[in-house]
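Visitor: I am new to this structure and should like to learn how to read it. May we look at it together?

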Amino acid sequence: MFGPVLFGDQAHRFVMARGNRIVVLNGLPSRASFSFASNDERFVSGHRYRYVLTARTVAGQETLTIGALGAGGGAPQSFPLSPRFARLSWETTVPAASPDRQGFYLERSNNGQAIEIEQIEIVKCFADELPRIEGRARR
């Protein structure tokens with residue numbers, strides 16, 4: 001899914017697929033960005049989205065930071081990882097009328113271990129949709 005949109009400072013050398021998992025190798029010099037065009041219909045301006053990643057380190061401890069691409073997407077958040085898979089959840093809002101690409105980036109602590117990402121979910125927050133749905137039902 002992210003093959004054509006993965007870019008960054010040499011990220012293609014440090015981010016790879018292993019079976020159904022994404023592996024972020026030690027030594028990533030900056031960040032790996034997963035982006036979509038600003039007019040991509042998967043992201044609606046003014047809506048909140050929750051990114052849920054299931055990730056772990058192969059051994060030892062690492063820190064994985066998730067942040068938004070584009071202006072006004074929200075503060076990045078760092079998550080400590082261990083050899084057990086953990087679900088990491090982070091929310092962002094797509095700015096209204098943003099000309100920027102949408103998506104997220106990953107940064108890592110580079111403590112010497114590979115990071116495996118088993119699953120990435122991008123979910124539109126239903127609480128934002130409820131007032132719109134109720135408004136349509138009243139008409």
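Guide: Let us begin with a term: a residue is buried under 20% relative accessible area, exposed over 50%, and partly exposed in between, with a 1.4 Å probe and protein chains only. At 2% relative accessibility, Trp 90 counts as buried. Tyr 51 is buried as well, with a relative accessible area of 1%. In the protein chain, 37% of the 139 residues count as buried.

Visitor: On what basis are such values given?

Guide: This is a predicted model, in which local features need pLDDT of at least 70 and side-chain atom pairs count only at pLDDT 80 or more, while totals for chains, interfaces and linings use all residues. Residues are numbered from 1 along each chain as its sequence is written, and side-chain values use heavy atoms, with hydrogens and water left out.

Visitor: What is the order of the strands in the open sheet?

Guide: Strands of a sheet pair through backbone hydrogen bonds, either parallel or antiparallel. Here two strands count as paired if DSSP finds at least two bridges between them. The open sheet has five strands in the order β2-β3-β10-β5-β8, with antiparallel pairing. β2 (15-18) and β8 (86-93) are at the edges with a single partner strand each, so one side of each has no neighbour in the sheet.

Visitor: Which strands pair with β5?

Guide: Strand β5 (residues 48-57) pairs with β8 in the antiparallel sense over eight bridges, and Thr 54 stands opposite Arg 87 in β8. β5 also pairs with strand β10 (residues 115-124), in the antiparallel sense over nine bridges; there, Ile 122 in β10 is the bridge partner of Tyr 51. Seven of the ten residues of β5 are buried, so that strand is mostly covered.

Visitor: How many aromatic pairs are there?

Guide: A pair of aromatic rings is described by the distance of the centres and the angle of the planes. Rings of Phe, Tyr and Trp (its six-membered ring) pair if their centres lie within 6.5 Å; planes under 30 degrees apart count as stacked, over 60 as edge-to-face and the rest as tilted. The count comes to two aromatic pairs. The ring centres of Tyr 51 and Trp 90 are 5.4 Å apart and their planes stand at 45°, so this pair is tilted. Tyr 51 lies in strand β5 and Trp 90 in strand β8, so the pair ties together parts 39 residues apart in sequence. Ring pairs link Tyr 51, Trp 90 and Phe 104 into a cluster.

Visitor: Where is confidence lowest, and where is it highest?

Guide: pLDDT is the predictor's confidence in each residue, from 0 to 100. Its mean for the protein chain is 77, and 72% of the residues reach 70 or more. Confidence is lowest in strand β1 (residues 6-7), at a mean of 48, and highest in strand β7 (residues 77-81), at 94. Where pLDDT is low, the predicted coordinates should not be read in detail.

Notes:
Helices (H or I, at least four residues) and strands (E, at least two) are DSSP runs, numbered from the N terminus.
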